[in-house]
Amino acid sequence: MTGIDLAGWGRFPVVPGREAAPASWRAVQGLLTGSDPVAPRGLGRAYGDSALPVAGGVAVTGTALDRILGFDPETGVVDCEGGVSLDLLITTFLPRGFFLPTTPGTRFVTVAGAIAADVHGKDHHRAGSFGAHVLDLTLATPDGGLVVCGPDRDPELFHATVGGMGLTGWILRASVRLKRVPSAFFRVRYRRAESLASAMAILGGAEDAAYTVAWIDGLAQGRHLGRAVCMLGDDAEPVDLSPAQRDRPHHRPARRTRTVPVDFPGWALSPPTVRAFNGLYYATHGDADRIVDWESFFYPLDAVRHWNRIYGRRGFAQFQALFPDASAEAGLAQVLERIGAAGAASFLAVLKRSGPAGPAPLSFLFRGWTLALDLPNTGEPLVRLLADLEGILLRHGGRIYLAKDAVCTRDAFATMYPRLAEWRAVKARIDPRCRLRTRQSDRIGLTP
Amino acid sequence: MTPAPAPVIILGATSGIARACAERWAERGLPLVLVARDGDELARIGADLRVRRAASVDLIARDPADAAQQGALAEDLRTRVPGGRCTILIAWGMLAPQAQASADPALTAELIRVNFTSVATLGERLAAWLAAGSVLCVIGSVAGDRGRASNYAYGAAKAGLHAWLSGLRHRLFRAGVAVVTIKPGFTATPMTAGMLKVGSPLVSSPDRVARSILRACDRRVDEAYAPWFWWGIMAIIRSLPNALFKRSQL
Ligand SMILES: Cc1cc2nc3c(=O)[nH]c(=O)nc-3n(C[C@H](O)[C@H](O)[C@H](O)COP(=O)(O)OP(=O)(O)OC[C@H]3O[C@@H](n4cnc5c(N)ncnc54)[C@H](O)[C@@H]3O)c2cc1C
Ligand SMILES: NC(=O)c1ccc[n+]([C@@H]2O[C@H](COP(=O)([O-])OP(=O)(O)OC[C@H]3O[C@@H](n4cnc5c(N)ncnc54)[C@H](OP(=O)(O)O)[C@@H]3O)[C@@H](O)[C@H]2O)c1
């Protein structure tokens with residue numbers, strides 16, 4: 001076990017801690033029954049402190065348990081260990097005609113992390129979140145045992161684990177239903193929206209499209225507030241493809257990845273730089289229809305490794321909010337205005353229409369609108385800004401996404417997630433001594 | 001018709017280095033026989049090789065280091081290799097802090113049994129039936145090149161192993177069986193978890209070491225450092241006079 005500095009993807013906060021990477025199920029069980037509190041961890045792509053150990057605790061990272069245990073080509077069901085990355089699932093099964101049932105904006109997350117945060121993608125309005133495609137899973141529990149659960153097998157435990165941020169057991173394996181796809185490409189319609197209302201009208205009117213998302217210029221103000229490029233996508237059929245692509249429709253086109261080698265200096269993200277970037281993005285994305293490969297479509301940020309270094313040594317916070325339909329337009333406008341007023345430079349913000357809530361009590365999304373954006377760490381001003389944004393959410397019946405959070409307060413969390421008591425009952429049954437804890441869970445009151 | 005490719009037998013298949021070797025051999029389409037004492041982990045490793053690499057994998061859940069089971073194991077393996085021609089990798093091994101071993105004679109004895117005696121006793125049983133063209137590859141360690149304060153019980157067992165392999169190589173040469181000694185340097189596996197400096201240029205990935213192992217087996221070399229640059233480092237460490245060495249922090 002090594003003593004090191006640990007952080008999430010935003011590198012805010014950074015805490016000293018220890019990390020263990022067990023390579024056998026027995027080793028995981030040993031760590032869970034040891035004396036130190038355990039914070040389960042995957043690829044560390046949650047932005048804040050979701051996977052950071054409490055003082056004296058240990059992060060137990062799953063990436064060494066990355067074996068694929070079975071695959072049924074008839075049904076597309078894959079049985080794999082929790083440390084398997086979505087990237088490994090794609091490289092293994094896309095050539096066989098299968099893709100993830102739904103995916104977040106990076107493929108460098110683990111299956112366990114995707115379940116623990118119940119992640120969502122651009123198809124939430126059609127596919128639901130990741131947990132909806134999990135058939136069963138095996139947990140290592142703090143009493144040293146192994147428990148299998150699923151929608152029909154101890155459903156309370158299963159639903160408390162989906163979106164349960166690793167606090168109901170360490171996810172050793174899961175079976176997930178992959179989906180058959182006609183190709184590795186997408187037909188995408190790009191539509192420019194001059195304002196927030198028009199972006200919402202375009203996305204709201206396109207629910208028949210499989211994948212929808214809008215990139216909002218987070219710095220545009222006044223009558224341009226919320227101006228956006230909307231993307232409406234569908235799986236491309238072989239007939240949509242060029243003859244070369246059609247020959248091998250599931251082939252992965254080779255792409256160059258770049259790496260940000262060092263932390264950027266502070267001025268690199270000053271408002272003028274970001275304003276210029278956002279303006280350019282908006283100007284160069286006119287209305288168009290195009291065929292796009294899966295990597296550019298789902299994972300544009302993955303093309304630049306370590307892009308979080310762009311925010312420099314101080315790191316950044318992500319803010320992802322969800323508003324119910326009734327208050328969404330007003331709430332979103334207030335968020336964008338508040339961020340504009342702070343001059344808090346943000347690259348593009350992402351707006352998404354969300355579908356109905358799933359059965360998991362702590363799962364993030366319900367029917368409404370969700371907005372995500374990066375905010376560089378400016379110290380005290382950032383803390384004030386995030387507190388104000390939390391206030392806007394509370395006044396509009398909204399909530400915050402735990403996988404992106406680093407600051408939410410206990411009271412705010414309890415108001416945002418009214419099914420907390422239901423979840424707590426399961427936690428008390430599985431982990432009465434609170435061996436599974438993170439910085440976040442202590443802060444927002446999921447533990448102790 | 002081309003003859004079926006000779007199988008690869010990996011003993012101690014749950015080791016991090018062994019798993020990386022299995023992936024590379026499976027990529028070449030060679031049939032694998034994996035042996036390890038932890039049947040559950042072994043099953044998961046085998047499943048992954050089948051799903052991802054479409055490999056043909058046989059699993060034997062037995063402790064290859066347990067002298068009491070070695071007779072039956074060697075016999076079982078012989079029946080799986082018609083003609084007696086195959087590649088065998090012996091990968092199991094055990095490391096413990098020297099301070100613990102110094103305080104506990106039973107641990108010192110265990111380090112010598114697991115890293116040396118058990119390999120020698122199974123090795124003799126395998127040598128009895130290996131046919132011309134076979135390769136017996138065994139993982140030793142740079143730690144066996146010179147005893148150091150931090151791990152001399154482990155190092156001594158590996159040194160004994162190196163000498164034993166040298167003798168076996170000498171004996172089997174005329175029979176056309178190659179005996180390959182691999183000496184890895186620092187490798188990031190569960191054995192060294194938390195002990196090595198992450199990102200140090202001296203720490204190799206298991207896959208990097210696996211590449212050296214496959215290459216050495218392909219070329220039937222007698223001894224290979226893994227990666228190769230440890231040859232230079234160990235040449236220097238071996239040549240230091242004791243007067244200097246015993247004062248050093250190595
Ligand atoms: C560029 C980028 C884009 C993103 N886009 C999206 C998006 O579109 N939609 C979305 O929903 N999310 C998105 N995310 C967030 C990300 O998908 C989630 O934070 C995800 O949980 C990260 O998984 P991970 O393997 O990195 O886990 P970590 O970040 O290491 O951990 C996340 C949570 O999972 C728990 N956990 C990890 N492993 C285990 C285990 N073995 N057992 C039990 N619990 C475990 C941890 O305790 C923690 O609570 C994005 C993140 C990035 C960096
Ligand atoms: N890692 C390094 O830096 C390094 C350097 C030089 C040489 N080596 C050598 O490389 C070989 C492979 O090691 P690794 O690094 O891959 O380590 P590893 O992943 O820890 O594997 C060790 C293997 O040995 C088995 N083993 C351990 N104790 C045993 C015992 N008492 N009885 C039977 N089997 C036992 C383990 O089985 P279980 O899974 O059942 O525990 C596992 O298969 C070893 O010979 C090691 O000495 C390693």
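Analyst: T103(A) sits in the loop between β7 (98–99) and α3 of chain A. The model is predicted, and the description that follows is of that model. T103(A) has a relative accessible area of 4%. Buried means under 20%, so T103(A) counts as buried. The side chain of T103(A) also makes a polar contact, at 2.7 Å, with the side chain of Y299(A).

Y299(A) leads on to the aromatic residues. Y299(A) belongs to one aromatic cluster, together with F99(A), F186(A), Y211(A), W294(A), F297(A) and F298(A). One member of this cluster, F297(A), has a charge over its ring: the charged end of K122(A) sits there, 4.2 Å from the ring centre.

The next topic is ligand 1. There are 32 residues around ligand 1, and those that come nearest are P40(A), G42(A), R45(A), A46(A) and Y401(A). Sorted by class, the shell around ligand 1 holds 19 nonpolar, 10 polar and three charged residues. Several backbone atoms face polar atoms of the ligand. A polar backbone atom of R45(A) is 2.7 Å from an oxygen atom of ligand 1. For G105(A), a backbone N or O atom lies 3.0 Å from an oxygen atom of ligand 1. Three elements of chain A give two or more residues to the shell around ligand 1: β3 (38–41), α3 (111–116) and β10 (170–177). Of these, α3(A) gives the most, with three residues. The loop that holds T103(A) runs between β7 and this helix, α3 of chain A.

Over all chains the count comes to 21 aromatic pairs. One of them is formed by F364(A) and Y401(A), and it is stacked, with 4.6 Å from centre to centre and 10° between the planes. F364(A) lies in the loop between β19 (348–354) and β20 (368–376) of chain A, and Y401(A) in the loop between β21 (399–400) and α12 (410–416) of chain A, so the pair ties together parts that are 37 residues apart in sequence. Both F364(A) and Y401(A) are buried.

An N or O atom in the side chain of S15(B) is 2.8 Å from an oxygen atom of ligand 2. At I17(B) it is a polar backbone atom that lies 3.0 Å from an oxygen atom of ligand 2, and for a polar backbone atom of T187(B) the distance to an oxygen atom of the ligand is 2.8 Å. Taken alone, ligand 2 exposes 900 Å², of which the protein buries 88%.

Chain B also has a charge over a ring: R146(B) lies over the face of F245(B), 3.9 Å from the ring centre.

Methods
Residues are numbered from 1 along each chain as its sequence is written. Chains are lettered from A and ligands numbered from 1 in the order in which they are written. This is a predicted model: local features need pLDDT of at least 70, side-chain atom pairs count only at pLDDT 80 or more; totals for chains, interfaces and linings use all residues. Side-chain values use heavy atoms; hydrogens and water are left out. A polar contact is a pair of N or O atoms within 3.5 Å; within protein, one must be able to donate a hydrogen and the other to accept it, and residues adjacent in sequence count only if both atoms are side-chain atoms. Accessible areas come from the Shrake-Rupley method with a 1.4 Å probe; for residues, only the protein chains shown count as cover. Rings of Phe, Tyr and Trp (its six-membered ring) pair if their centres lie within 6.5 Å; planes under 30 degrees apart count as stacked, over 60 as edge-to-face and the rest as tilted. Helices (H or I, at least four residues) and strands (E, at least two) are DSSP runs, numbered from the N terminus. Buried means under 20% relative accessible area, exposed over 50%, partly exposed in between (1.4 Å probe, protein chains only). A charge sits over a ring if NZ of Lys or CZ of Arg is within 6 Å of the ring centre and within 35 degrees of the ring normal. A residue is near a molecule or strand if one of its heavy atoms lies within 4 Å of it. Ala, Val, Leu, Ile, Met, Phe, Trp, Tyr, Cys and Pro count as nonpolar, Asp, Glu, Lys and Arg as charged, and the others, Gly among them, as polar.
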